[in-house]
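I opened the model today to look up two things.

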Amino acid sequence: MQQSKIAPAEHHVVDRIGWLRAAVLGANDGILSTSSLIVGVAASAAGKPAVLVAGVAGLVAGAMSMAAGEYVSVSSQADTEAADLARERREHAESPAAELEELAGIYRDRGLPDALAHEVAVALSAKDALGAHARDELGLSLMHRARPVQAALTSAATFAIGAALPLLAAFLLPLGSLAVGVSAASLAFLVLLGAVGAKAGGAPIMQGIVRVVIWGALAMAATFLIGKLFGTTVA
Ligand SMILES: [Zn+2]
């Protein structure tokens, strides 16, 4: 893999927004699924230790499941990219003239006149033929290859950080006001996170907040009701 020393400035912004969006999503998941779990168990009239155990188990299970899911999905993306690059490398070794013509054809289709398309293809191939094909034929950037371990760790960590917030609220609140308190605190965390995410992504802030509050309230209401129903039938 070749690393360019001077990366275009806008790539850094895109990178940061992509990373931030993934982090906000992970934390969002962590807050919502753990608070729903805690509220559901608390509604079933379980004791405080059971509520906290459920919350901790939810944090660990969720973080592991995020890591595994992300690892599998990014790995298969990386496998596909590697296979595409290997095929491209082979084609280039076997028939460099056809590959050059293919590249020129791509630039012609994008609107360059015939002679110029050929000139561009020759110049780019002389510098880094595989890189030019990866970028302009396959749409891959050799600088931004899929990184499975990094993606898995980021998802797990942001989920765990999000999950720790309702868990901390459950730890601090008395059992009687736990369901209401954890719901309120979690909605507040979701609003804050929604505002940060919308601001970072340049999206309208109010819409993001309204969406996240509606879905958050629905999730917690659903587990509260189910916890209540199960709690009374099981007990
Ligand atoms: Zn090619």
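**Ground rules.** I am working on a predicted model, where local features need pLDDT of at least 70, side-chain atom pairs count only at pLDDT 80 or more, and totals for chains, interfaces and linings use all residues. Residues are numbered from 1 along each chain as its sequence is written, and side-chain values use heavy atoms, with hydrogens and water left out.

Glu88 sits in helix α2 (residues 48-94), while Glu137 is in the loop between α4 (114-136) and α5 (148-172), 49 residues apart. Helices here are DSSP runs (H or I, at least four residues), numbered from the N terminus.

**Burial.** I used relative accessible area: buried is under 20%, exposed over 50%, partly exposed in between (1.4 Å probe, protein chains only). Glu88 is buried at 1%. Glu137 is partly exposed at 27%.

**Salt bridges.** I counted a side-chain nitrogen of Lys or Arg within 4 Å of a carboxyl oxygen of Asp or Glu. The count is seven. Which residues does Arg87 link with in a network? The network holds Asp84, Arg87, Glu88 and Glu91. Arg87 pairs with Asp84 at 3.6 Å, with Glu88 at 3.9 Å and with Glu91 at 3.6 Å. Arg87 and Glu91 are four residues apart in α2, about one turn of the helix. Arg87 is partly exposed at 31%.

Terms used:
Helices (H or I, at least four residues) and strands (E, at least two) are DSSP runs, numbered from the N terminus.
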